[in-house]
Amino acid sequence: MKYADIIVDISLEALDRVFQYIVPETLTSDIQVGSQVMVPFGKGNRVIKGYVIGFSEEPDYEPDKLKEIQSIQKGSMVVESQMIQLADWMSRMYGCTRAQSLKTVLSVRRKVQGGTKKVYCLAVSRAEAEAEMKKLAVQPRFASRAALLALLLDDSRGQGVSEAEMKKKVPSPTAALRTLVKHGWIEVREASDYRIPYLGAKDGKTVHLTREQQQAVEGICEDERMVHLLYGVTGSGKTEVYMQLIERTLASGRQAIVLIPEISLTYQNIARFRQRFGRRVSVMNSRMSDGERYDQYIQAKNGEIDIMIGPRSALFTPFPDLGLLIVDEEQDGAYKSDTTPKYHAVDVAIRRMEMCSGKVVLGSATPSVVTYDRAVRGIYGLHRLENRVAGGPGMAKTCIIDLREELKQKNYSIFSRRLQSEMEARLERKEQILLFLNRRGYAGFISCRSCGHVIRCPHCDISMTLHKAEGNLLKCHYCGMTLAMPDSCPECGSRYIGAFGMGTQKVAEMLAKRFPQARILRADRDSMRRKNSPMEVFRAFAKGEADILVGTQMVVKGHDFPNVTLVGVLAADLSMFSGDYMAGERTFQLLTQAAGRAGRGEKPGQAVIQTYQPEHYAVTCAAAQDYEAFYRQEILYRRLMHYPPAGHMMAVIIEHMDEITAREGAVLLAGVMTDETIQVLPPADGFRAKEKDYYRKVIYIKSNEINGLIQCRERAQALIHSDTLFREMNVQFDINPMNLY
């Protein structure tokens, strides 16, 4: 006999209340995960709607106490059913529990009571209202009444107009409104007063497409392939292509989602899209309140909005007929979840659009090696934008500065001589400067010059970072622990203890000393903790309220500042030697994106890349803005080492508070996962060998087939469930991103 696990509500609060029902033999062949079913519920056996989230062969209760499913709801699958199916796929693909995947997919379904407002609607037919409006319009003393009727006739969606909106468009409407209500022309209704985030974002401009852009739009629409790569150099107008594709999607009665990698990009994107599509655009991100997120969710489900913009979580917007899913800056690491389930938004986007029979557009100036490889092999459609839009000076000129030579010339500053002279010239010309350093805080680590002791977090295997602006605090960027900066070395007692390396705080301080006349803004996670601080900082810089913006990688992603003519990359090497096979790819992407921020207006741009490895191909190719040259070098390395896209890869992370137990568990798992078809590397310390008091071991597995990794994971999970050693151990399975299609 088959049993179905059913939830009778889709809210987050209901996901932990699963009810088991018997599946009648007559329904066995038709029922599936996500099916909408009618079931008897409660003591009175009232028939209600439920959703199947899983099946089992064994009952959790006495079989005679279980009830049978009455029927399956026929017809098209509702959006809730699709989302449950997507969660089921994520559970099987990423090796997480069903509850974990459901709570990810339904992450904003926590009900938060909103307010209501009064709106005014026509109480008569449109023909009657038009006739009355024309009659009133010829009499000047009734002009306000005529204007009010005209305003309500323009309300084509019939959602009503609030009194506040009327006062903006009709002079002194109160008396006229009262008269029209009294005589039955207008009626008062109560409507939901939705919380609308970023309401002030209205600026933007409409641009006519270039020939390249138009060819990309037509190519994507006419190509039968589901996934398309829009590969365009920085400033080539990918956003305009997105908007044209969205316009066509909306014209067909379907909806669209636009994923962006950073919350800091929200304001710029919502402004451009609202200018084009009005209030049919909304936004979703983790900085919003529960109430704001819930309201956007409900509006999407009810068809009151058509476009959702946001980072990874916006992927799960419950549009009833989703037709287009755009992933901007698809190469960005922010699309990979670092918590269970460890999904990649690109993979899940493709799976969701398979279910919706829509299209996925991946946009980037520096696509991931995996995505580009699939495109050149014809698995994805490939559409190129090789030129910046007309009216600009073209790509920024880029120079590489060898910091070893700077040291030989007795320049001990973080700013090379060339960068300093370029900055002086820009400040004189009232042009703006963007400086990129991928390390926040004041100093990278605190060390004793007598004994060499480095102050490390007692809970994590990581050096603590000095945050001078926060009261000389040492902070761990992984667990958040803080300590006061000591006056002497805690190991040997020496007073020769100090800060080494530097972060964005220290750079901002050095800039203030070197260029006292300059107005300086900082953009990093420490300076942007408040809800709307990213929007405020980037808007202020865009308005010219600062001369220099210094920040981490959030400043080089997708921003369009026309007056920025100089970009300085202060330490290109920070991402190059991370011990990850994707280090070269990340370095190339960051450097190319950074250089692409310069010269996006009418003035020519200059980028200065400072590095200790000026001959590395990731640096030279980024300076030349030559993605194809980088890809040719990188793909040879990937094929030689059997890294994606040449093969599939999975990391198994084992965590325990006792290091010996963690090592023992890793050895056991490596043994059970090994077979002839896959390569299992010996267990090793994780990238951070200790974090939040947990020791971490990692096992890497390579396979030619994705199913080989899944079978390998299933063997490991069987051991975890059967062996008590793993009872207090945290084991996570991390399948490499973008390998699943």
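Close-up 1. The model is predicted, so local features need pLDDT of at least 70 and side-chain atom pairs count only at pLDDT 80 or more, whereas totals for chains, interfaces and linings use all residues. Residues are numbered from 1 along each chain as its sequence is written, and side-chain values use heavy atoms, with hydrogens and water left out. Asp402 belongs to strand 15 (residues 397-402); helices (H or I, at least four residues) and strands (E, at least two) are DSSP runs numbered from the N terminus. A polar atom of the Asp402 side chain lies 2.9 Å from the backbone nitrogen of Arg404. Not counting residues up to four places away in sequence, Asp402 touches Thr611 and Pro614 (contact: heavy atoms within 4.5 Å).

**Close-up 2. Surroundings of Tyr21.** Tyr21 lies in strand 2 and is buried, with a relative accessible area of 4%. A polar atom of the Tyr21 side chain is 2.7 Å from the backbone oxygen of Pro40. Residues touched by Tyr21, not counting those up to four places away in sequence, include Lys2, Ile6, Val39, Phe41 and Ile69. Ala623 is 602 residues from Tyr21 in sequence and 62 Å from Tyr21 in space, C-alpha to C-alpha. The charged end of Lys2 sits over the ring of Phe55, 4.2 Å from the ring centre (criterion: NZ of Lys or CZ of Arg within 6 Å of the ring centre and within 35 degrees of the ring normal).

**Close-up 3. Aromatic pairs.** The whole structure contains 16 aromatic pairs (rings of Phe, Tyr and Trp, the last by its six-membered ring, with centres within 6.5 Å; planes under 30 degrees apart are stacked, over 60 edge-to-face and the rest tilted). Phe19 and Phe41 form an edge-to-face pair, 5.1 Å centre to centre with 85 degrees between the planes. Phe19 is in strand 2 (residues 19-22) and Phe41 in strand 3 (residues 36-41), so this pair ties together parts that are 22 residues apart in sequence. Phe19 counts as partly exposed, at 22% relative accessibility. Phe316 and Tyr343 also pair edge-to-face, at 5.8 Å centre to centre and 70 degrees between the planes. Phe316 lies in the loop between strand 11 (307-310) and strand 12 (322-328), and Tyr343 in the loop between strand 12 and helix 11 (345-356), so the pair ties together parts that are 27 residues apart in sequence. Both Phe316 and Tyr343 are buried. Ring pairs also link Tyr231, Tyr372, Phe588, Tyr617, Tyr627, Phe630 and Tyr631 into a cluster.

Close-up 4. An open sheet is formed by 7 strands in the order 10-11-9-12-13-8-14, with parallel pairing (strands pair if DSSP finds at least two bridges between them). Strand 10 (281-283) and strand 14 (381-385) stand at the edges, each with a single partner strand, so one side of each is left without a neighbour in the sheet. On average, neighbouring strands of this sheet are turned by 20 degrees against each other, direction ignored. Strand 9 (residues 255-259) runs parallel to strand 12 and is joined to strand 12 by 5 bridges; Ile257 stands opposite Leu325 in strand 12. Helix 7 (residues 211-222) lies across strand 8 (227-232), strand 13 (359-364) and strand 14, running at about 170 degrees to strand 14 (axes are lines fitted to C-alpha atoms, for helices over the stretch in contact, and angles run from 0 to 180 degrees between N-to-C directions). Helix 12 (residues 369-376) lies across strand 8, strand 13 and strand 14, at about 110 degrees to strand 8.

Conventions. Polar contact = N/O pair within 3.5 Å; in protein donor to acceptor, adjacent residues only side chain to side chain. Buried < 20%, exposed > 50% of the residue type's maximum accessible area, 1.4 Å probe, protein only.
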